[in-house]
Amino acid sequence: MIKRFSMHVVLILSLILSTGLSAFAQKDKIEGLWYNEEKTAKVEIYKATDGKFWGKIVWLKEPLRNGVPKMDDKNPKDALKKVPLLGIVLLKHFKIDDKETYNDGEIYDPKNGKTYSCKITYKGDKLDVRGYVGISLIGRTTVWERTN
């Protein structure tokens with residue numbers, strides 16, 4: 001009788017733990033790989049340890065310039081001009097505002113070395129990534145497409 005009771009307790013605890021772990025392992029819908037609008041880069045969006053969403057370049061169509069890795073040469077900080085573009089963090093600090101919108105983040109544009117306020121709107125296999133200065137009415141939206 002005690003063995004049977006112990007067996008039931010172990011089974012129930014196993015079920016609870018496996019359910020809890022699978023829920024913990026679920027990814028948010030924006031997590032994963034996304035092509036930028038020009039399809040010249042893939043950005044991996046992930047949930048960081050701060051609970052917010054970040055994104056970094058993990059692939060470049062043309063990773064080299066004159067036989068060496070492309071650098072962040074437009075960065076306004078001299079020390080960062082020698083950092084390779086591959087691996088650079090473009091998206092920082094995004095939090096979920098509602099089911100489809102991620103706000104309060106910023107995006108770095110390595111083409112001009114500027115950082116903008118940013119919001120991301122999830123649209124299935126596409127993201128509207130809107131960089132702006134001040135208010136989001138004054139800005140530009142690019143469309144990113146999910147990839148693998």
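## Strands around a barrel

Tyr-132 stands opposite Gly-139 in S10. This is a predicted model, with residues numbered from 1 along each chain as its sequence is written. Local features need pLDDT of at least 70 and side-chain atom pairs count only at pLDDT 80 or more, while totals for chains, interfaces and linings use all residues; side-chain values use heavy atoms, leaving out hydrogens and water.

Reader: Which strand pairs with S10, residues 139-147?
Author: Strands count as paired if DSSP finds at least two bridges between them. Here there are seven bridges, in the antiparallel sense. The partner, covering residues 126-132, is S9.

Reader: In what order do the eight strands close into a barrel?
Author: Strands are DSSP runs (E, at least two residues), and helices are runs of H or I, at least four residues, both numbered from the N terminus. The protein has one helix and 10 strands, and eight strands form the barrel with antiparallel pairing.

Reader: How much of the protein do buried residues make up?
Author: Buried means under 20% relative accessible area, exposed over 50%, and partly exposed in between, using a 1.4 Å probe and protein chains only. Out of the 148 residues, the buried share is 30%.
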